Amino acid sequence: MARKPETDLIGAGRKPRAAVKLPNPPVERASTVLIERAEDLYDGDRKVYGRFGLGSQDALCDALCALYEGASWCGLTPSGLSACTLSIQALCKTGDHVLITDSAYGPTRSFALEELSRQNVEVEFYDPRISDGIAELIRDNTALIYLESPGSLTLDVQDIPAICAAAKARNVLTLIDDTWSAGLLCDVFALGCDVAIQAATKYPSGHSDVLLGAILTMDADLGARIGNTLRRYGVTADSDSCYLALRGLRTLPARMRQHEASGLAAAEFLQRQPSVTRVIHPGLPGNRDHEIWKRDFNGASGLFAFELEGGRETANRFLNALNLFGLGFSWGGFESLAIVCNPQIRRAVIPWDGDGQLIRLSIGLENAGDLIADLEQALSAAKDT
């Protein structure tokens, strides 16, 4: 019988040595790796330099491959953004055409527009809810389709199986930013994706003190292509960050259950507030993407958004009145965060149909009742006087 992630992640990446057995592998910090024999100096199968990774990196890669069942290759980068951009960079070339969801993370979108376009790669954005209609956008020179589900800021849930099936029919690669699910809440490989990417900065680390990205695939050849790009660019992740992310992975399932429960409680509270015009949480019945989310995901993270009636001054009063929520752009840590954002500036295909100020919340591990009380008093403070 297959074991559950809660069990597998406790032992993942642990290779205790016979002499000293530790719950977590020790941190290895080194730039130089000493080689015993001159004949081995240029052996490509050996770790001969710290940039190629040491024990901490290997252990984290093993653990992430265990999290993404079936993954055979994992590459680490110094941030989530670098994992997104370098994956795309590795799998397309001059003259190619790439399709990117219109709800992609803003910096990823900027990379595509400013860097890929400069390399004469044609970038086309598509409606995140296009489903199998993506087939009509695929060209003979389409190299890849980039997904993010749920999407950044607006949390659009994509029909991953339909998009991947259309891509496979034309031998087009599919990459997905899987940060919201943390590799735990959605089996993106079973749904057909070729490459999974996430910011391990967020839920895997869980403590807001790490910058780290991860790239995974079940295809050894794809892994080699991406890995070669990482090596050519000199991209590496430091041992201490890898150690912290590995330690965070041990408690990921337990933390995610708390994020989900508190997030849903806060979302349900906000749905009942007269000054809230819409709550955007795929786990809520009635949300436009709820059914597809329920089909493809086994849970929710703590990240969602809502629309607050009024202008930016109202939103600022709300944010400034919060006591338990910090004002910060990252998410996935133990502390709750809030920002106001304008998704329209990140749209090219489907205009944002929101009415009011979009507030994004990252629900942390505080008591749900306390967080709701904080939201309630901040909503009251935001009202025009």
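**Helix packing, sheets, loops and a pocket**

User: What is the handedness of the crossing of α2 and α7 in this model?

Analyst: The crossing of α2 and α7 is left-handed. The model is a predicted one. The term left-handed applies because the near helix is turned anticlockwise from the far one by less than a right angle. Helix α2 (residues 55–67) and helix α7 (residues 239–249) pack at an angle of about 35°, with their axes 8 Å apart.

User: How do you know which residues of α2 and α7 make the contact?

Analyst: Residues count as being in contact because they have heavy atoms within 4.5 Å. On the side of α2, the contact is made by Ser56, Gln57, Ala59, Leu60, Ala63, Leu64 and Leu67. On the side of α7, Ser239, Cys242, Tyr243, Ala245, Leu246 and Leu249 take part. The contact of α2 with α7 comprises 10 nonpolar, three polar and no charged residues.

User: What makes β1 and β3 edge strands?

Analyst: Seven strands form an open sheet with mixed pairing, in the order β1-β7-β6-β5-β4-β2-β3. β1 (73–77) and β3 (122–126) each have a single partner strand, so one side of each is left without a neighbour in the sheet. Neighbouring strands of this sheet are turned by 20° against each other on average, direction ignored.

User: How do you know that β2 and β4 pair, and in which sense?

Analyst: Strand β2 (residues 97–101) and strand β4 (residues 142–148) are joined over four bridges in the parallel sense. They count as paired because pairing requires at least two bridges. Ile100 stands opposite Tyr146 in β4. Helix α3 packs on this sheet, touching β1, β4, β5 (173–177), β6 (195–199) and β7 (213–217). The direction of α3 makes about 155° with that of β6.

User: What makes β8 and β10 the edges of the other sheet?

Analyst: This open sheet has five strands in the order β8-β9-β12-β11-β10, and its pairing is mixed. β8 (276–280) and β10 (326–327) each have a single partner strand, so one side of each lacks a neighbour in the sheet. β8 and strand β9 (residues 303–308) pair in the antiparallel sense over four bridges, and Val276 stands opposite Leu308 in β9. Helix α8 (residues 252–271) lies across β8, β9 and β12 (357–362), running at about 10° to β9.

User: What makes phi of Ser131 and of Leu155 stand out?

Analyst: Most residues other than glycine have a negative phi. Phi of Ser131 is near 60°, a positive value, and that of Leu155 is near 55°, also positive. Ser131 sits in the loop between β3 and β4, while Leu155 lies in the loop between β4 and α5.

User: How do you know which residues line the second largest pocket?

Analyst: A residue belongs to the lining because it has an atom within 4 Å of a point of the pocket. The lining has 36 residues, of which Tyr105, Pro107, Ser152, Trp331 and Arg360 lie nearest the centre of the pocket. The lining divides into 18 nonpolar, 11 polar and seven charged residues. α3 (80–90), α4 (106–116) and β11 (337–341) each supply at least two residues of this lining. About 630 Å³ of space lies in the second largest pocket.

Technical notes:
Residues are numbered from 1 along each chain as its sequence is written. This is a predicted model: local features need pLDDT of at least 70, side-chain atom pairs count only at pLDDT 80 or more; totals for chains, interfaces and linings use all residues. Side-chain values use heavy atoms; hydrogens and water are left out. On a 1 Å grid over the protein atoms alone, a cavity is a set of points where a 1.4 Å probe fits but cannot get out, and a pocket is an open set with protein on both sides within 12 Å along at least five of seven lines; lining residues have an atom within 4 Å of a point. Grid points are joined across faces, edges and corners, and a volume is the space filled by probe spheres set on the points. Ala, Val, Leu, Ile, Met, Phe, Trp, Tyr, Cys and Pro count as nonpolar, Asp, Glu, Lys and Arg as charged, and the others, Gly among them, as polar. Axes are lines fitted to C-alpha atoms, for helices over the stretch in contact, and angles run from 0 to 180 degrees between N-to-C directions.
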